[in-house]
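Dear colleague,

Please find below the structure I am handing over to you. My findings follow directly after it.

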Amino acid sequence: MRLAVIGGGAAAVSLLDSMLRHAGRDAAFDITVHEGARQLATGRAYRPDLDCALVNREAGFMSVRCAERDHFLRWLHRQPRYAATPLATLPPDAYVPRRVYGEYLVDHWTVCLGEARRRGWTVTVVPEFATVAKASATEVMIRGAASLTHADRVVLCPGSGPPADPYGLAGAPGFHPDPYPLSVVLPEIAEDAHVMVLGTGLSGVDVALGLLHRGHRGRITMTSRHGLLPGVRARHRPFTLTHLTPEAISRHLERSGSLGLRDTFALLRDELAAAGTDLAAETAPRPAHDRLRSELARLDGNPYQTIATTALRDVRESVWTAWGDHEKRVFLRRFHPLAKPLYNPMPPPTGRRLLAAMESGQLTVRHGTAGVRARAGGGFEVVHEGRAGRADVVVDATRTGLATTGPRSAPLLRSLAEAGLVVRNPHGGLLIDPATNALRPAAGQAPGRLYALGDLTSGDLFYAGSMYMINVRAELIARELVAAAL
């Protein structure tokens, strides 16, 4: 089978690993990977960067294989270059720099390439971004600036894109449109500058932490509409849902024929009440430093976070597919900003460093951002809750909506849509068959030729960009591809 893989980041590594484990000796593949970035396997998230930028999941849970959660940790303990460092005996509940995880991905990519070639497969990397797609009755053609790939099947895994510049600041002196790599961007900022970080999610946290790591002396202000920092990841505790379960959702659908937001929140409130906590109390507005201090005090047991992350794993698809378009739109507009800090928490060491900077007065977290504009004499004016403030430098660390893939993927996605090979999902990304991750084509096009992996599928799966979710879906796609190749 001729397979084209669009994107050569972490998702591509997981996919190739899954294919090798599921394919017998009778399956043969000719694989072409289109990746225009210089660094293969790591994607944006795991490139070489400052050591303060940590993976936000414990080392014992990070892997390219969903069934072997300690695969990364076993690799780390074997590495000669870390034999004389604390990483050689790192416990499963510790956190590692993202660049170390990137080394693991690069190393495992090399291992997979070697195994593929031993089996007689061919794997070719085309060092450019795919831009155009066309299809005939028998194949899909993928074109880049100087390449043409003929494929029987295509897997799209372009990863997430850079920030979207929501305030139109591109080109303004002192504006940094992408915070990564931190090791390149942050040294350009004067040590005494007042830095405005647009976005209070994990990327914004990376910027603030990177500045502190480098000894920045000036003020740092993180700002967003809601001003919510990520939660702090509590220690992992196995948990079994008893109220918000797939069975409860099925029973409700049988009785009512639909599932609304109020129905879902009622089940969630019952789940939280059974664990001794309350939804209204957990979501009540609080200053960022108070919430952060509270999160750090509950590392040994945070029932709200535990229930939310368990529900994300066990009932996410049941709930998301049961909701209608109206419920999804309302959730994304009103409640997603409240949910995201739960399912994308930061490591405890990061939380402690931020809290210390907040208590010293160097770091401030603001909400109610209404606008940012470049000032004629230099610097920026930022409007919070109707009041204007100033900053010397602005770093964009925003992320809006689901399935943000960025400008480099836009030409190919546009071409695929124009050819009828894919259909855009109104909630983000592309429409897929959730049972197989196959992309849904327009009417009249042959189904089952294209698949998607990662953020592109978030419109149908809600949360699809974590390594674990990528692993699970890579397994589905690998089985489909192997079955088609026999």
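About 21100 Å² of the chain is accessible surface, and 52% of this belongs to carbon and sulfur atoms; the areas come from the Shrake-Rupley method with a 1.4 Å probe. The model is a predicted one, in which local features need pLDDT of at least 70 and side-chain atom pairs count only at pLDDT 80 or more, while totals for chains, interfaces and linings use all residues. Residues are numbered from 1 along each chain as its sequence is written, and side-chain values use heavy atoms, with hydrogens and water left out.

Of the 486 residues, 53% count as buried, that is, under 20% relative accessible area (1.4 Å probe, protein chains only). The C-alpha trace spans about 65 × 55 × 50 Å along its principal axes.

The largest nonpolar core has 53 residues, of which I31, F72, L76 and L481 touch the most other members. Such a core is a set of buried Ala, Val, Leu, Ile, Met, Phe, Trp, Tyr and Cys residues joined through side-chain atoms within 4.5 Å. Elements giving two or more residues to this core include β1 (2-6), β2 (30-34) and α16 (467-485); helices (H or I, at least four residues) and strands (E, at least two) are DSSP runs, numbered from the N terminus. Apart from this core lies another, of 35 residues, among them L50, L299, L354 and L363.

Among contacts (heavy atoms within 4.5 Å) between residues at least 6 apart in sequence, 74% join residues at least 24 apart.

With kind regards

Key
Buried < 20%, exposed > 50% of the residue type's maximum accessible area, 1.4 Å probe, protein only.
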